[in-house]
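Reader: I would like to learn how to read the overall features of a model. Please take them one at a time.

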Amino acid sequence: MLVSLNWLSQYVDLEGYSADELAELITKGGIEVETVESLNKGIKGVVIGHVLECVGHPDADKLSVCKVDIGEEEPVQIICGAANIAKGQYVAVAKVGAVLPGNFKIKKAKLRGEPSHGMICSLQELGIESKLVQKEYAEGIFVFSDEVTPGEDALEYLNLNDNVLELGLTPNRADAMNMIGIAYEVGAVLNRPISLPSPELVRSEENAEDYVSVRVENEENTPYYGATIIKDITVKPSPQWLVNRLVSAGIRPINNVVDITNFVLLEYGQPLHAFDYDRFGSKEVVVRRANQGEKIVTLDDTERTLSSDHLVITNGTNPVAVAGVMGGADSEVQQDTTTVLLEAAYFNSKLVRKSSKDLGLRSDSSARFEKGIDRNRVVPASERAAQLMQELAGGTVLRGVSEQGARHIEAKDVTVEVSRINQVLGTEISESDVAAIFDRLQFSYKNFGGTFTVQVPPRRPDITITEDLIEEVGRLYGYDNVPATLPITESTPGQLTDFQLKRRRVRRLLEGAGLYQAVTYSLTSPAKRVFFSDESPEAIRLAMPMSEERSELRTSLLPHLLEAAQYNINRQLENLAFYETASVFLPSGSDLPEEQEHLAGVMTGLWQEHPWQKEKKPADFFVIKGIVEEIAEDLGLEDRLTFVRAEEPKLHPGRTAAIQLDGELIGYIGQLHPEVEKELDLPETYVFELNLEKVLKANVAHLKYAKLPRFPSVTRDVALVVDETLEAAEVKRVIKEVGGDKLVDINLFDVYQGEHLEDGKKSLAFSLRYYNPEQTLTEEEVKNAHDRVLQAVEEQFGAALRS
Amino acid sequence: MQERLQTLKEEALTQIEAASSMKELQDIRVAYLGKKGPITEILRGMGKLSAEERPKMGQLANDIRAAISEKLDEKTQVMEKAAVEEKLKEETIDITLPGRPVKKGNHHPLTRVIEEIEDLFLGMGFSIAEGPEVETDYYNFEALNLPKDHPARDMQDSFYVTEETLLRTHTSPMQARTMEKLNGEGPVKIIVPGKVYRRDTDDATHSHQFMQIEGLMVGEDVRMSDLKGVLQSFAKKMFGEEREIRLRPSFFPFTEPSVEMDISCFNCGGSGCSVCKSTGWIEILGGGMVHPNVLRMSGFDPEKVTGFAFGMGPERIAMLKYGIDDIRHFYTNDSRFIKQFKHI
Ligand SMILES: [Zn+2]
């Protein structure tokens, strides 16, 4: 909503406040002023001129040589290029020395040999947006239609000395979508009285009811409909004051009749529609639901197909307007219109909203109906418009209004106690202060010992409960005056849950290991959703995605992490290590999907590097595996998290493991399949993804201290030659199984293949540590256990001792 | 004999003086003081001497032995010290060469901001609640006093999955979810960080996915002044002790009264600059007193308890705090961007 301060000052005295000060006060009062715009875009020295003579330029077809009276002793000669320049016009002249928007300075000039002392201006040249310029002046200079005096400041007449506030209205403050509503608000904020227009109508002897009847089919849809008839209208341009009002509000002036309805819409917040009575097509107005498939061509010359969800105005046969949204082209006021049927109605806001939404048609009218208008202002607004048509279009207003429905509704009572106000706000506002605030708002009330029963006027439909009144008091009392306190309720311990605490640990651990945290989008494309699995579950798909790229919820974090890797690689950032913790979304069979928090990581390029010491450690399977193992150890799951050889379509068949927790599959780790690397244009890349919830929610025994060793332990190293396909973990498992309770540590310290070994064989070297917490181990105890180990590996794997 | 001893001594001392290695010193020691050395030999021939001269000569020989030995020790020490010094000199390194980096990663800036805020509210006795990102229409709207057809639903065009489920448009649904579980028994003190989604085209200032932190406190005698106090602590912690806050009236369907909170501009201190659009104030978050309908729908009696709620955007806070100019940076994951948020 744009608010001209010149206009607003017609209703409330703004004396003593600058535009910026007003903006600040209004904002603090609760309606945010988004911008303060001066309509003068840097103009100086533009006056009214009277064109005394105007002849063609001797050497240029399109130029005219004019003698213009600009209120100085002698008329000046100005060369003008506009086609619509003519002798006798009153025009805006930028004198020599004047400045136009864009710091454009006017100097003496010679045009094709003829001297020119100034410039005759178009409205665009004075900084008015083209879309707001009346059609007749769109292509040429502006011509005053009112009586004006040469030499006077043109800005005053064109309202270019005005300041306009742009309000950012919240949906509850529909009352401020019109100048009267804003006058009430600013009056309350400034604590000044307001004066509102009181239209005085002279009505003719003829009755409106003889011209038209009104029938509303459903009063719930249309609580009030009134039709006023105005005869003998002359359609012509509006006077400058009306043009100025509309331009300052960002509406293009059309002609007096249309401009008046727009003006009253802005002033009263009441959408009106003027039909050409002679083109209406009947003598009855019928308001009803549209028939399914019924068509209407609206004012914007577009054919609209309606349904029974939509409310229409008809002439008894055909729709002539979509109620509250837009009129029809057939009954539009035109240049030759002489009789106007003026509609002033109250339509159900939900129905207007529905029509507007379905038809994709938002108008100043629908915007107001949707948010709710003042029921008690419908009739006064139509009277205001009728009065202006009488005044500005020479119209004769017929007696009475053809109408259906009640013209007025009663104010609602809402009660609030002063003690409650102070309890909610934490303030100590007195009874008299509360009373003063309601006075400022012009709310009537009764006060019994601090209990206020307020009659909330229908112009403020947003106020329905006690808390709404508390807000009114609070905002006008000023939130700056509310103290800052600390809560006095019982104290509560604030702590992270076990899950949150562990998640923070895991994040820090990953970062300690060199990974950076990424955050990627949850919405993905169908292709990316199924990228890591051929048998992905059914999609959770948006009903109306904005694009296919963001149409489904992801089931894996890796595709977007890989996308992040690609983005960086494309920018020559090659050593990458990212992780992300986020939810994936899986069908659950119930209303809401199952949301599983996952952890995923991607690594490529060098993991550790120290160039001048020639240290380069590329990320590889064991780097990333070590990181996952460290997470397990950090969470006390080192013995329960295992890696099992696995195959996954998008991962390297020989370098992939399933991650299991207590034997249950919770994720994968591996190198991207080289074909996928090629497809994504990525170098050797390692990834993992696991169900973080399983890991963080696993029950872990309390940390308990283990006694420090009191006796020496004995370590025996053993190198076993086995088939190269045999997995180390299997050998370890067997060693552990037979080693007995004195075997406390099994460490793989060497893997060898090559020279001195048969083809197809490898050597695995383990360091086995034996320990007895009760006493010093005997040589024999160690020997027995160790022999059992050697025997078992030989029997089970044919393992030979490597010499 | 005496003469010979003196000569021997001088010879030895000269040799010691001239020696340039530990080996030479060792050889000298063996040569002069060893069992086969000249002094031993001389001492052996003392039998020929008179009884008077014998002790004298013995004394002299021992003195000379001691003198040579002492000199040897002295020289050995000098040479050892020189050797150590030499060795240390060889071990000298260029201490200006770069150290081996401890290659650590770091938090994403949004997590950094969120954890900072979490810790602040944990310290004030709030706990952290988390909830589903796909929500029912009921929790996302209706339980927050936004019935179907409410015009305020336009404020946040949303991504529906089915007619009744959608990607949450704020983390506020956890208000109702948390309160419902408590059967009307307070106090409630939670903050709810998490991802939210709105139908916006991604550009420098809009993102279809972003973070939100919702706060809720419900109990007996929770006042708007408490909201102001809590938010003041928050503003000072996040943006500096000298920050002032102001509350401006606003509108949210789930709070009444509703406010927006501005902080005094940290860039210009309030005199006006481009960061604060020359107003001296920067809008940070919205909040207010929990609407009685919201309390009622979640099983709390608005006659007995009151509450405040607020919601803020970590992206906005991070953008202001670190001067980030484009919201898309948060989701592009350019490593040069994320790495900037390493230090404290
Ligand atoms: Zn500033």
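Reader: What share of the 803 residues of chain A counts as buried?

Author: In this predicted model, 53% of the residues of chain A are buried, where buried means under 20% relative accessible area. Chain B, with 344 residues, also has 53% buried.

Reader: How is the accessible surface of chain A made up?

Author: Chain A has about 37,000 Å² of accessible surface, and carbon and sulfur atoms account for 47% of that area.

Reader: Why is chain A described as more spread out than a compact globule?

Author: One sets the radius of gyration against the globule rule. Chain A contains 21 helices and 42 strands. Its radius of gyration is 42 Å, well over the 28 Å that the rule gives for 803 residues, so chain A is more spread out than a compact globule. Its C-alpha atoms fill a box of roughly 130 × 80 × 55 Å along the principal axes.

Reader: And what does the radius of gyration of chain B come to?

Author: Chain B has 12 helices and nine strands. The value is 43 Å, well over the 20 Å from the globule rule, so chain B too is more spread out than a compact globule. The box for its C-alpha atoms is roughly 135 × 45 × 45 Å.

Reader: Which domains are assigned in chain B?

Author: The assignment gives domain 1 (2-91) and domain 2 (109-341). Over C-alpha atoms, the centres of these two domains of chain B are 91 Å apart.

Technical notes
Residues are numbered from 1 along each chain as its sequence is written. Chains are lettered from A and ligands numbered from 1 in the order in which they are written. This is a predicted model: local features need pLDDT of at least 70, side-chain atom pairs count only at pLDDT 80 or more; totals for chains, interfaces and linings use all residues. Side-chain values use heavy atoms; hydrogens and water are left out. Helices (H or I, at least four residues) and strands (E, at least two) are DSSP runs, numbered from the N terminus. The radius of gyration is taken over C-alpha atoms; the globule rule is 2.2 Å times the number of residues to the power 0.38. Buried means under 20% relative accessible area, exposed over 50%, partly exposed in between (1.4 Å probe, protein chains only). Domain bounds come from an automatic or database domain assignment. Accessible areas come from the Shrake-Rupley method with a 1.4 Å probe; for residues, only the protein chains shown count as cover.
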